[in-house]
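Please describe the ligand site of this structure, then its salt bridges and its backbone exceptions. State the cut-offs behind each term.

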Amino acid sequence: LQTSNPIKAMNDEIFVYVSSKQKEIEELKKMEQFRREFLADVSHELKTPVFSAQGFVHTLLEGAMEDEAVREKFLIKAAKNLDRLDVLVNDLVSLSQLESGETTMHLEKVNLVDLTREIFERLEKVAQDRSVSLKIKPDKLESALVIADKQRIDQVMVNLISNAIKYNNEGGKVVVSIEEEKKSFSISVKDNGPGISQEHLARIFERFYRVDKSRSRDSGGTGLGLAIVKHILNAHGTSITVMSQVGKGTVFSFKLAK
Ligand code: ADP
């Protein structure tokens, strides 16, 4: 939501402010609609895992517990839905903190090469399950020091790399490139997956926007990852760019100051 500046300058010393009831009402209406849509989205997203977990637990209590095989199957399903709820609540907390603008950044020197390698280790199993390979370029790079909030940049990289794995084709490639520039490092996460068409490209940073809802949910997506990425990078005074070609792949890139 953008509000136009109501202060106008007559010259260097005189400024005029004219209140406009109409404008105020329009802005309040927009905000109200935005709030309503967001609440509806959040409730819908929360309801799904809660209802599922509830269903499995109640069926168990109503007698399904007697059968050992059913008991284990239902408990696993209930646990999966509770885990999903946990991820969703954590993402919502992160997003609301970032959007309130009240987050304190803990800036320190972060080695992007070490960070990327650590993340590759954490995501190795997910990548292997889809036969996706993970690479850093240049491959001999040892250090790339930037000033950043380590935990939050970790969140950015995890979101981008795990998207590049889960939306890739079986046997696909993910390449993280780190290039040194004068005052910054330029980081890109590239995949050779199905790409994102033009109509969706500008919208993927909106909360809960997904190109393919069922694919996102099946792979554990909350639809909040890229909204969080955008806010974290904005809080670092930088922005994110996405470039995609349908059938060829997608590249997300951003810069971080040295
Ligand atoms: P999700 O939890 O659904 O992954 P994100 O906010 O991380 O949510 O991403 C939003 C949507 O953008 C995804 O649902 C997916 O449709 C699309 N998307 C994100 N990254 C990629 C990618 N690398 N390739 C193709 N589509 C992508």
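The report below takes the ligand site, the salt bridges and the backbone in turn.

## Basis of the report

This is a predicted model, in which local features need pLDDT of at least 70 and side-chain atom pairs count only at pLDDT 80 or more, while totals for chains, interfaces and linings use all residues. Residues are numbered from 1 along each chain as its sequence is written, and side-chain values use heavy atoms, with hydrogens and water left out.

## Ligand site

The ligand has 20 residues around it, of which Tyr167, Ser216, Thr222, Gly223 and Leu226 come nearest. A residue is counted as near if one of its heavy atoms lies within 4 Å of the molecule. By class, this shell holds nine nonpolar, seven polar and four charged residues. Here Ala, Val, Leu, Ile, Met, Phe, Trp, Tyr, Cys and Pro count as nonpolar, Asp, Glu, Lys and Arg as charged, and the others, Gly among them, as polar.

Polar contacts are pairs of N or O atoms within 3.5 Å. A backbone N or O atom of Gly223 is 2.8 Å from a ligand oxygen atom, and one of Val211 is 3.1 Å from a ligand oxygen atom. From the side chain of Lys166, an N or O atom lies 3.2 Å from an oxygen atom of the ligand. On its own the ligand has 540 Å² of accessible area, and the protein covers 96% of it (Shrake-Rupley method, 1.4 Å probe).

Two or more residues of the shell come from each of α4 (150-166), α7 (225-235) and β9 (249-257). Helix α4 gives the most, with three residues. Helices (H or I, at least four residues) and strands (E, at least two) are DSSP runs, numbered from the N terminus.

## Salt bridges

The count comes to eleven salt bridges, each defined as a side-chain nitrogen of Lys or Arg within 4 Å of a carboxyl oxygen of Asp or Glu. Side chains of opposite charge can pair when their charged atoms come close.

One of the salt bridges joins the side chains of Glu32 and Arg36, at 3.9 Å from N to O. Because Glu32 and Arg36 are four residues apart in helix α1 (residues 21-61), about one helical turn separates them.

## Backbone

The peptide bond from Lys137 to Pro138 is cis, with omega near -5°. Pro138 is in the loop between β4 (133-137) and β5 (145-149).

Ser131 has a phi near 50°, a positive value in a residue other than glycine. Ser131 sits in the loop between α3 (112-129) and β4.

Key: A polar contact is a pair of N or O atoms within 3.5 Å; within protein, one must be able to donate a hydrogen and the other to accept it, and residues adjacent in sequence count only if both atoms are side-chain atoms.
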